[in-house]
Each structure stands twice: as structure tokens, then as C-alpha cells.
Amino acid sequence: MTDRIPESVMKEARDLFEDPHFRPFRSDNCIREVAKALLARDRRAAEIADRWLSTFGSREIKHTSAREYACDAVSDIRDAILSYDEAQQ
């Protein structure tokens with residue numbers, strides 16, 4: 001993982017520390033570590049979508065159009081996550 005974290009992920013991490021319970025722990029280092037975890041979560045979601053797509057997409061299902069629609073949706077989500085990550089690096 002590169003050290004570059006998208007600003008949207010950093011904002012999400014900063015927003016988590018707005019909760020009064022977490023405010024005492026708010027520091028640049030803590031925010032950065034949370035942002036790294038959020039970024040890893042997003043990448044993991046893309047991996048799961050990819051795995052689901054390869055498994056579900058190969059199954060024989062009676063309703064082919066439903067399978068194609070689901071596979072297209074998962075593929076779009078996976079591609080959006082991965083292309084965003086690549087653009088940020």
C-alpha cells in the first residue's frame with residue numbers, strides 16, 4: 001500500500017473522531033492509521049466483489065437476466081473501487 005491516502009478517506013477518518021468518545025484520541029497519527037484501515041476495507045470490498053463475481057457469474061441460474069444484472073452491478077462496483085484506488089496512486 002502506498003502512503004498516499006485519498007482526501008475522501010482522510011475526511012471519513014477525521015469524521016469518526018468527531019464523536020465525543022473518540023475526540024481525546026484524535027491526533028494526526030491516529031487519524032492516518034484509521035484512514036489506512038478504511039482504505040484497506042475498501043480494497044478488501046473490491047476483492048470480495050471480484051471473488052463473488054467469479055463464483056456467482058459462473059453458476060447456472062434459471063433466470064439468466066437476473067444473474068447478468070447482478071454480475072454487471074458487482075463488476076461496476078469492483079471497477080469503480082479499483083479504478084479510484086489506481087487514480088489516487
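A salt bridge is a side-chain nitrogen of Lys or Arg within 4 Å of a carboxyl oxygen of Asp or Glu. I wrote that down before opening the structure, which is a predicted model.

**Entry 1: confidence**

I looked up the confidence before anything else. The protein averages a pLDDT of 76, and 75% of the residues score at least 70. Helix α1 has the highest confidence, with a mean of 90. Helix α3, residues 64-88, has the lowest, with a mean of 70.

**Entry 2: a salt bridge between helices**

I applied the salt-bridge rule and got a count of 7. I then looked at the pair Arg 41 and Glu 12, whose side chains meet with N and O 3.3 Å apart. That distance is within 4 Å, so the pair passes the rule.

**Entry 3**

I next checked pairs within a single helix. Glu 33 forms a salt bridge with Lys 36, with 3.5 Å between the closest N and O atoms. Both belong to helix α2, and because they are 3 residues apart, about one helical turn separates them. I noted Glu 33 as partly exposed, at 41% relative accessibility. Lys 36 is also partly exposed, at 27%.

Arg 44 and Glu 47 make another such pair, with an N to O distance of 3.2 Å. They too lie in α2, 3 residues apart, about one turn of the helix. For accessibility I wrote down 38% for Arg 44 and 43% for Glu 47, and both count as partly exposed. Salt bridges with shared partners also join Glu 12, Arg 41 and Asp 42 into one network.

**Entry 4: Glu 47 again**

I placed Glu 47 in helix α2, which runs over residues 28-56. I then took its C-alpha distance to Ile 81, which came to 9.7 Å. In sequence, Glu 47 and Ile 81 are 34 residues apart.

**Entry 5: the buried face of α1**

Which residues of helix α1 are buried? In this helix, residues 7-16, I found Val 9, Met 10 and Ala 13. Seen down the axis of α1, the buried residues fall within an arc of 100°, so they line one face of the helix.

**Entry 6: the largest nonpolar core**

I listed the largest nonpolar core and found 9 residues in it. They are Ile 5, Val 9, Met 10, Ala 13, Phe 17, Ile 31, Ala 35, Leu 38 and Leu 39. Helices α1 and α2 each supply at least two residues of this core. The largest share, 4 residues, comes from α2.

Last, I looked up what Ile 5 touches, leaving aside neighbours within four places in sequence. Ile 5 is in contact with Met 10, Arg 32, Ala 35, Lys 36 and Leu 39. Lys 36 had already come up as the salt-bridge partner of Glu 33.

How values were computed: Residues are numbered from 1 along each chain as its sequence is written. This is a predicted model: local features need pLDDT of at least 70, side-chain atom pairs count only at pLDDT 80 or more; totals for chains, interfaces and linings use all residues. Side-chain values use heavy atoms; hydrogens and water are left out. Buried means under 20% relative accessible area, exposed over 50%, partly exposed in between (1.4 Å probe, protein chains only). The arc is that of the directions from the helix axis to the C-beta atoms. A nonpolar core is a set of buried Ala, Val, Leu, Ile, Met, Phe, Trp, Tyr and Cys residues joined through side-chain atoms within 4.5 Å. Contact means heavy atoms within 4.5 Å. pLDDT is the predictor's confidence in each residue, from 0 to 100.
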